[in-house]
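Please keep the sequence and the structure in view while reading the points below.

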Amino acid sequence: MGEPRGETVDPTVARRALAQRLRAAGAVLCERPLPEPDPDPARDAAVVLDLLVRDLHTDLTPARVWLFYVALASCLPTTEDLLAVLRGFELSAPSEVGAWLLNTCLSAARSGAPTRPLRVVTGGVVVDVDHSSRHELHTGIQQVVRHTVPLWDRDHDVALVAWAPGCVAHRELGEIERERVLRWPDRRAYGRVPQARETAELPLVVPWRGTLILAEVPPEAASARLAALAQYSGNRVTAIGYDCIPVVSADLVPVAEPNRFCRYLSVIKHSHRVAGISVSATTEFSGFAAALPAQGLAGPAVSECPLPAEGMVAATAAPPAPLAPERELPTVLSVGSFEPRKNHLALLFAAEYLWRSGLAFRLRLIGGSGWGRELPDKVRRLQAQGYPLDVEARVDGARLAEAYRDARFTVFPSLHEGYGLPVAESLAFGTPVITSDYGSTREIGERGGTVLIDPRDDVALVDAMRTLLTRDDRLAALRAEIADRPSRSWEAYADEVWTCLVGAGAGTDGVESR
Amino acid sequence: MTGRLGGVDGVASLGARIDHRGACRRAALRTLLPVLTGRPCPDAGAATLLRLLEEALAGAGPEQFWLALAVLDARLPDHPAVLRAVRAARLDGPLAALHRPLVSRRWGRRAGTRWPTVEIRTHDVLVDVHHTAQSSFATGIQRVARQSALRWTRDHDPVLVGWTPDYTALRRLTEGEARAAVHGASPAPGEPAPGEPVPGARADDHVVVPWRATYVLPELAAEPERARRQLAMAEFSGSATAVIGFDCVPLTTAETTAYGMSGGFAWNLAAVARMDRVAAISTSAATEYRGWRQMLPGAGLRGPDITPIPLPVEADDPSAEVLAEARELLGSGDLPMVLVVGSHEPRKNHLAVLHAAELLWRDGVRFTVTFVGGNSWNSERFFARVAELQARRRPVQSLSALPDRLLWAAYRLARCTVFPSLNEGFGLPVAESLASGTPVITSAFGSMLELAAGGHGAGGGALLVDPRDDHDLARALRRLLTDDELHGRLSQEAQALPVRTWDQYAHEAWQYLVDGVQPKGPDEATAAPGGT
C-alpha cells in the first residue's frame, strides 16, 4: 500500500522528486558540495546517486545508509530492509552497487511515495501528531496533543508531521491539519474529513541528528519502520507514555488490542525517553524498560510528567453549581466509554441496590464507542423497570460541561487507567468524585475532593454512594477540598515534557548518545 | 432481602424441576454441598438440597460462588460470571444467582450428551499438561513440561489434568494422554503418531474442580479461553497457583513473533498476574517477568513471586557409529564445520550468521556452515539468502531436522556452534553445545550470557558477541576457526562446566512451585460481605 491506488505515478514527477530527494540526502551526507543541478532530472539523479554511493562506501554506518534509503526508496526502511541494504552495500564494489541499489530500493519505492520530495530536518524536532491532525476525535490523547503541541509550536521550532498513506513515511501537514492541532477551539474546518488528494503533494519529512517526538501512539502499520528509525537512524526518538493497559489488563480490552500495542512497544524499546502522564503510566513504561536487559537493550529513560488535572477543561470551567434543588432528583454522573474496564456493571449494581433500599437519585452514564453486550442489556432491563437511568453517547463539550455541573457527584470506579480524565474533569468543575484507590485515579484523587474505594469491592462502592447521596455535610467538605487543590497549568506541563523529551537545549545540539 | 427465588414456592418448584430431570442434577448439588457446608449431605430431594444451598451461600463471597458455578455448570466460570452471580445474590438471593446453571439444558438427553460428573479436588496437586499430552511433538517448552512431569509423577502423587476441547473445564487426562504427557515420543501400538491428537482427548464427561488445591502449569497456556478460566480460578478457588515461566518474548520482542501471538500471551499474563509463583527458566527470563510485574500496580494488582530455577541440559554421548553416520550425512569433509541450531525466525538472527560467513569466505577462510532447524514464521529472507550463497558454491546447507542422536553427534563434530539470538528465555542450543564440549559463539547478554558464564564468571567455553553487529560476529568466528589454541581452551572450559540434571531441576521446581506455597485452609473463610 502506497499512495492511493488507481492513480498512476507520473514518471516525470517521480524522476524530479527522486533527484530532489537524493540532493536533500546528499546535502547532509556528502562531504563535498553537490554539483550544479542537471536540467534533466534523470541525469541529475544518476550523478547525485553515484556521489552518494561513493561517499557512503567510505563511511558505511547504519544511520547514513538509513537516510540514503529514505531518499532513494521514498519510504522509511524496516530493520530487515535496512540490514539487507547495509549488507548488500558491504558485499558490493562501488562500481556495481549503484545498479543493485536502484533495483532494490526502487522496488521498495513501489510501496513508497515516489512523487513526493523530501525535507530533511537537521538537528531539529519533528513531532508525530498523525491522529490529532487527521481526525476530529477529541478524547484523552488528542486533548493532550491539542493543549501541548500549540505551546511547543509557539516557543520552539518544531516540524509537525502525519503519516503518508500506507504509513510508509512521515509527511508535512496540510493547512487544515495544522489548524486541527494548533487552533482546535477556533478551527475553521470543524468536522471536515480530509481528502487524500489534498495532501498528496506534501513533502516527506525526516529528522536527521535530531529528535522525533511521538506525541501519540502512532499507527500500528508504522511500527516496523519507526522501530528501525529509532534503532538505526541516529535520531533520538522520544514519546509521551499514556499507559500500557492492553498488555497489563488483556482481560479488560478487545483481543486485538495487545497485538497492536506490542508492536508499539517494539518502537518504545529502541526509543530514548518516555514521559509518563502519571506515576502509574510511568511505572508501566519503566517496568517494560526493566525487562529489556534480557535482550541486551537499555530501553528508554522513563520519567514522570503528570498531566495538569485542573487544566483539562480550564477553557470552559465555571464555578460549581449550587447543590441541586430539592424538587429535582440528585444526579449521579459517570463519564467513560462503555467497556468492561470502566466497571459500569459494579456501578449499576450499586445503583440498583440503593434504589431498592429507597434512595432517590438519577444515574446518568455518558460515554460512547463501547464494546461488550452485558452493559447495554443491563441498562435496558433497569430502564424497563422504571429506574431513573439515563444514557447519553457522543455528547459535545458543552453538554458534558453541563452534566458535570449538574451532578451531585461523579463515580469513576475504573479497573485500570493511564490517567483517568473524567476524575480530572469532574474536579475541574468542582464536582466531587468517587473513584478507584490505586493507580492514576488515586494520584489525581488523593489531593482532595474524592472518595477513594476499591473498585473490586461492590460493598465499598455502595457505601460511598450512599454517604454522598445522604450526607450534605460530607459533600460540602469534599467541595471545599476541591477548591484547595493545588493547580498546575498546561504551560507548566508543556515546558516540563519538552525538557524531558528534547532537553533544555531545545533540540538544536544534535544526537546525544544513550 | 427476599428475592424472587427466595420464597418457599420458588424453591419448591425449582426443586421439582430438578427432581424431574433426574439424579444427575441432584448429584451436582450433593457434590457441592458437603464442601460448602463442611457437613455430610442428607439423602433428600432437590428442594431440601436447594434450601441447604441457599443457607450455605447466604452472605457468601465470590469464592463460594466460583465453586458453586464450577460444580453446577460443570465448567470453570470466568471472572465476569462470578461477579454477576455475587451481585445477583446480593440483590435477589443465592438461588436467583445460580438459577441459570441449575436449570441448564446444556447437558442431558436433549443436548445429546451425558451429564458430566464433577470431582472437587481439595489439597491435591493438579499438574496441567494439556498441550504436552496432546502431542508427542517436542518443542523446548514441551520438553521441559515432559521432563518435569515424568519426575513429579515418579516422586510425588500429582493429578495430571488437561482441558475440555472448548477450554472451559479441567479434566483428568486419559491413560494414553498421561503417557504422552510424561513419556512423549513413543506411542503404544494403536495409538496415534507424534503430532496426531490422542483419542479420548475429547472426553469431557468427567471434570475436575480444584478447590483450595495446588495448580501447577509447566507449559505455556496462550489460549484466551483457557486463560480466562485460569484467571478466575487463580483469584477465587483458594488454590495455590504456580507456573513455569519460559520468557516474555511476545511482549518484549513482538516484532519477531507471528502476529497474534502477543494477544494470547497477554491473556496468559493476565492469568499469571493473579497466581502465586513463577519459576523462571533462567535469570534472564526472571528479568523479563519481573519487569512485567513492575507494570501491574496501575491495575491494582500485585503479581506473583518470581524466582529463576535454571533449566538443566543432559548431553548424549554418541557412539562411534553414530558419529560416523553423522559425518557422512553432514558431509563437511576435511573442512571445519560451523553448526547453527534453531528455527529460522528473525529473532534467531541467522541472516547475520550468513553475512559474517560470507565476509570470511571472501577472505579465504575455509569452513562449512550447517543450519539445523525448521521453517518458521518469516524465514523467507533466510532461505533466499541460503539459495544465493549455494548458487555461488558456498559450503552452506540447511537441514530442517535431525534425529536427537544425530544432533548430539553434530554438536560433537562441529568446530563450533553459533547462536547470536536477539532474545531467548533459555538458549537450548548454547547449553547443548557446551554440554557436548563444543565452543559456542553467542550473544553477550541475557540467558545466553548466563549459560556461557556457567555459574562462575565469564569464560565458560564461549565467545560473546553483540549480535546486532555483524563484524563482531565475523571477528569471533574467524578467531574460533583460525586460532587452535583458543579453540582448545574454550573446548576444555566447556567440558569443565558443571552438569545439572533434570532430577535436580524437577526437585527444585517442585519445592518452589508446590511446597513453597500453601492453598487456603478450611478455616480461612473469604471475607463476608458486610455493611450491606
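Strand β7 (residues 236-241) of chain A is mostly covered, since six of its six residues are buried. Here a residue is called buried if 20 or more other C-beta atoms lie within 10 Å of its own, exposed if 12 or fewer, and partly exposed in between, with C-beta atoms placed from the backbone. Strands (E, at least two residues) and helices (H or I, at least four) are DSSP runs, numbered from the N terminus. The model is a predicted one, in which local features need pLDDT of at least 70, side-chain atom pairs count only at pLDDT 80 or more, and totals for chains, interfaces and linings use all residues. Residues are numbered from 1 along each chain as its sequence is written, while chains are lettered from A and ligands numbered from 1 in the order in which they are written.

**Strand β7 of chain A and its partner**

- A:R236, A:T238 and A:I240 point one way from β7(A), whereas A:V237, A:A239 and A:G241 point the other way, and all are buried.
- Strand β6 (residues 211-214) of chain A runs parallel to β7(A), and four bridges join them; two strands pair if DSSP finds at least two bridges between them.
- A:L212 has A:V237 as its bridge partner in β7(A).

**Chain A as a whole**

- Chain A contains 20 helices and 15 strands.
- The radius of gyration of chain A is 26 Å, close to the 24 Å that the globule rule gives for 514 residues, so chain A is as compact as a globular protein of that length. This radius is taken over C-alpha atoms, and the globule rule is 2.2 Å times the number of residues to the power 0.38.
- The C-alpha trace of chain A spans about 90 × 45 × 40 Å along its principal axes.
- Of the 514 residues of chain A, 52% count as buried.
- Among the contacts in chain A with a separation of 6 or more, 77% are between residues 24 or more positions apart; two residues are in contact if their C-beta atoms, placed from the backbone, lie within 7 Å.

**A loop residue of chain A**

- A:R341 is found in the loop between β10 (331-335) and α13 of chain A.
- With 18 other C-beta atoms within 10 Å, A:R341 is partly exposed.
- Apart from its neighbours within four places in sequence, A:R341 is in contact with A:S249, A:L252, A:V253, A:S414, A:L415 and A:H416.

**Where the chains touch**

- The contact takes 48 residues from chain A and 50 residues from chain B.
- On the side of chain A that touches chain B, the residues divide into 26 nonpolar, 13 polar and nine charged. Ala, Val, Leu, Ile, Met, Phe, Trp, Tyr, Cys and Pro count as nonpolar, Asp, Glu, Lys and Arg as charged, and the others, Gly among them, as polar.

**Two loop residues of chain B**

- B:H123 lies in the loop between β1 (117-121) and β2 (125-128) of chain B, and has a positive phi of about 70° although it is not a glycine.
- B:H123 is partly exposed, with 14 other C-beta atoms within 10 Å.
- B:Y167 lies in the loop between β3 (159-163) and β4 (170-172) of chain B, and its phi is near 60°, a positive value in a residue other than glycine.
- B:Y167 counts as buried, with 20 C-beta neighbours inside 10 Å.
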